Amino acid sequence: MKDETFFLVREDILPEAMKKTLEVKKLIERGKVDSVAEAVQRVDMSRSAFYKYRDAVFPFHTMVKEKLITLFFHLEDRSGTLSQLLSVVATAGCNVLTIHQTIPIQGRANVTLSLNTNGMTEDINRLMTKLRRLEFVDKVEILGQGA
């Protein structure tokens, strides 16, 4: 299989056939139609055009699949806190992509983690509960999900 290159393109510059392909896929995904034939008829598109583009055009959210998450922590500055925090994250099956830690001021530091949750073995809410229960964590919140 050859390497695929993806581009993020604004919807208003897509050819009509690609826009209609996305509409057909949405109708099928949501169960609004019983068949491809019914979906293409509803959006006034040929089946051949749909099949030409169906494996090449995707809504942005389906490519991202919310596999990335960014967490913000306010931590007590103690030896080994970051290591313990990362251990909990790793045990949950997350892969750390980036770590940003501020210089501790008045015994506290801010840490931001960007995580790939592809291999996550537990629910995000359960992970957040575990992180909040760590004695050195003053605050943890989700800054963003998805991209």
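Analyst: This is a predicted model. Ask about any part of the chain.

User: Is K130 buried, partly exposed or exposed?
Analyst: The relative accessibility of K130 is 33%. Buried residues are under 20% and exposed ones over 50%, with partly exposed in between. The value for K130 therefore makes the residue partly exposed.

User: Which residue meets the side chain of K130 in a salt bridge?
Analyst: A salt bridge needs a Lys or Arg nitrogen within 4 Å of a carboxyl oxygen of Asp or Glu. For K130 the N to O distance is 3.0 Å. The partner in this salt bridge is E122.

User: How many salt bridges does the count come to?
Analyst: The pair K130 and E122 is one example of a salt bridge. By the rule of a nitrogen within 4 Å of a carboxyl oxygen, the count comes to 8.

User: How many residues apart are E38 and R42 in their helix?
Analyst: The side chains of E38 and R42 meet in a salt bridge with an N to O distance of 3.6 Å. Both residues lie in helix α2, which covers residues 36-42. Their spacing is about one turn of the helix, that is, 4 residues.

User: Is E38 buried, partly exposed or exposed?
Analyst: E38 has a relative accessible area of 29%.

User: Which residue is linked with E76 and R78 in a network of salt bridges?
Analyst: E76 and R78 meet in a salt bridge of 3.1 Å, N to O. R78 is partly exposed, at 35% relative accessible area. The network that links E76 and R78 also takes in E135.

User: Which residues make the nonpolar surface patch of about 350 Å²?
Analyst: One member, V9, is in the segment before α1 (16-29). V9 is partly exposed, with 41% relative accessibility, and patch residues need over 30%. The patch is made by F7, V9 and I13.

User: Which residues does K19 contact, leaving aside neighbours within four places in sequence?
Analyst: K19 is found in helix α1. With its sequence neighbours left aside, K19 is in contact with E11, D12 and L14.

User: Is T21 buried or exposed?
Analyst: T21 also has a place in a helix, α1. Leaving aside neighbours within four places in sequence, T21 is in contact with M45, A49, F50, Y53, R54 and V57. At 0% relative accessibility, T21 is buried.

User: How far apart in space are D55 and N95, C-alpha to C-alpha?
Analyst: D55 is in the loop between α3 (47-53) and α4 (60-64), and D55 is exposed at 59% relative accessible area. D55 and N95 are 40 residues apart in sequence. In space, their C-alpha atoms are separated by 28 Å.

User: Which domain does UniProt list for residues 70-145?
Analyst: In the model, this span is 28% helix and 42% strand. Its end C-alpha atoms lie 6 Å apart. The name comes from an unreviewed UniProt entry, which lists the span as "domain: ACT".

User: How many bridges join strand β1 to β3?
Analyst: Strand β1 covers residues 68-76, and the two strands run antiparallel. Within this pairing, F73 stands opposite V111 in β3. The number of bridges joining β1 to β3 is 9.

User: What is the bridge partner of T98 in β3?
Analyst: Strands β2 (residues 95-101) and β3 (residues 108-116) run antiparallel and are joined by 6 bridges. In that pairing, V96 has L115 as its partner in β3. For T98, the partner in β3 is S114.

User: Which residue takes a positive phi in the hairpin of β2 and β3?
Analyst: The hairpin has 6 residues between the strands. The phi in question is near 50°, and the residue that takes it is Q106.

Conventions: Residues numbered from 1 in each chain as written. Predicted model: local features only at pLDDT ≥ 70, side-chain atom pairs only at ≥ 80, totals over all residues. Heavy atoms only, no water. Buried < 20%, exposed > 50% of the residue type's maximum accessible area, 1.4 Å probe, protein only. Patch = residues over 30% accessible without salt bridge, like charges linked within 9 Å, V, L, I, M, F, W, Y side chains within 5 Å. Areas by Shrake-Rupley, 256 points an atom, 1.4 Å probe, with all protein chains shown as cover. Contact = heavy atoms within 4.5 Å. UniProt positions renumbered as here; feature names shortened; annotations may be inferred. Pairing = 2+ DSSP bridges.
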